[in-house]
Amino acid sequence: MRTKVPPVACVGEPRLTAGFAEFGRLDLVAHEEVHGPIGPMEPANLLRLAESMQLKGKGGAGFPFARKLTAVLESCERQDLPAVVVVNASEGEPASWKDKVLLTRAPHLILDGAALAAYALDAEEIVIGVADDGVGRDSITQALQERRMPVPTSIVTVPHRFISGEGGALVNGINGLPHIPPGTKKRSSDSGVNNLPTLLSNAETYAQLAVAARLGPYEYAALGTDDEPGTVLLTVTGAAKRPAVVECAAGTPLREILDLCEVPDSQGILMGGFHGKWITQEAADRAEVSRKGLTKVGGALGAGIILPLGTDTCPLGEAAQVVRYLAGESAGQCGPCKMGLPDLARAVDLAVSGSAPVEVVRAAAGDVKGRGACSHPDGTARFALSAMEVFAEDLRLHTTGDGCGRRVKGVMGLPGAPDANPQKLTLDWSRCDGHGLCAHVVPDFIRLDANGYPAFPSTPVPTWLREGALKAVKVCPELALRLAKAE
């Protein structure tokens, strides 16, 4: 469980992180001293501000905030119902820390933004979703005790899982349902918390709104680019010698951020998190930190995650671990997640072990893209395909059977420690009669070849398939299949 918030750094003028050096955590007195007063805004004025500053969601999808606000306003009028404002501070992605930093050190900025939205919408309540990892809840609770909010405000704890941060999953959790995305796509602006029109956005989005409300759109745009004014919060981890949450103006060269965090030479850099894309070091040297700038070099800004790999680990093995993790994080309620993601994880394992060509990965990814009840299958497919492309030379080495010569160190920040007891399947061919029972027990890892004999990758069995592999061993009538410690 995560408990320690990483250091905070800033390139250029601090906005969200203003006052951190002087005060650490900003209580209400320090907050008002640093940022100044703020008053309520009428709906038209708040809409105009959001449009002028071109505010987009900071949780990953980048949806325009003004369009969300408009949709909720129209839904409230059409249905004659009050609104609910939801702050998504659950931050389910293991590699992300930016919202935790705001919760623990600048909670009043988040509350300011939520209060602005609640006043403009004449909302019934505000709900703040935080993860159950214990980071940030005490700070935001204390902040609520230090001030008066315009409407009743509550905190809801959600499981610290990857999919729990998805908007529909958060709404479900607040409504007392399982913390998983709804099985069908529906707009929270029409029916969200308690079936009321709901404005749902990320914690940083509300904090940025609070900064802009004080500065005004023109001064806010003094930093950043014409297309993306303002600043960005980034989480830099992985191989960085000085991991940190960094605030910088949009348009800042990515190389400045990497140098600040002392990132060594990298085989590749994951941009945007586990639903993001890999880029090469050469691409990183010419990229700028913005949605447009990172897209230009094949990356993604996403939730502001930068995860570089060093040169001492197997990049494809690291990617395979993440795909297995993402398959295990599935809600398991639609075909692309329940069956497609395990199949994609198996395809990546096969490609990494040299047992199958990259076309197998492309086919498995194609089977899930655009078909899920939420964006999880698409994001996982995007991650896997990007790894196959950026690490193509390593893939060639694996295909020859020799591999890249590096062991998997487990540096991607996945929950829990790397598997301390990796195990793999072995087959005694002198005993195997091709009954095929093992493939029926664990089809996600064992398939039958053209002759009816079991085929499986030589890589360790994923932990989430270990129980199935053990059952396959037990049902083998000839005792040909074994589960042994992987060297």
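How many salt bridges does a search of the whole structure find? The search finds 24, each a side-chain nitrogen of Lys or Arg within 4 Å of a carboxyl oxygen of Asp or Glu. This is a predicted model: local features need pLDDT of at least 70, side-chain atom pairs count only at pLDDT 80 or more, and totals for chains, interfaces and linings use all residues. Residues are numbered from 1 along each chain as its sequence is written, and side-chain values use heavy atoms, with hydrogens and water left out.

**Stop 1: the domains**

Colour the chain by domain: domain 1 (19–221), domain 2 (232–309), domain 3 (315–400) and domain 4 (423–485). These bounds come from an automatic or database domain assignment.

**Stop 2: domain 1 against domain 3**

Show these two together. Their centres, taken over C-alpha atoms, are 33 Å apart. Domain 1 gives 11 residues to the contact and domain 3 gives 11 (contact: heavy atoms within 4.5 Å). About 890 Å² is buried between domain 1 and domain 3, 56% of it from carbon and sulfur atoms. That area is the accessible area (1.4 Å probe) that two parts lose on being put together, summed over both. One salt bridge crosses the interface of domain 1 and domain 3.

**Stop 3: helix α3**

Select residues 43–52, helix α3. Helices here are DSSP runs of H or I, at least four residues, numbered from the N terminus. Leu46, Leu47, Leu49 and Ala50 are buried (under 20% relative accessible area; exposed is over 50%, partly exposed in between; 1.4 Å probe, protein chains only). They cover an arc of only 160 degrees around the axis, which puts them on the same side of α3; the arc is that of the directions from the helix axis to the C-beta atoms. Then step to Gln54, which follows α3: its phi is positive, near 55 degrees.

**Stop 4: Lys98 and Glu204**

Pick this salt bridge, with its closest N and O atoms 3.0 Å apart. Lys98 lies in helix α5 (residues 98–105) and Glu204 in helix α9, so the pair ties together parts that are 106 residues apart in sequence. Buried or exposed, Lys98 and Glu204? Both are buried.

**Stop 5: helix α18**

Go to residues 392–399, helix α18. Glu393 and Arg396 meet in a salt bridge at 2.6 Å, N to O. Being three residues apart, Glu393 and Arg396 are separated by about one helical turn. Glu393 is partly exposed at 44% relative accessibility. Arg396 is also partly exposed, at 45%.

How values were computed:
Helices (H or I, at least four residues) and strands (E, at least two) are DSSP runs, numbered from the N terminus.
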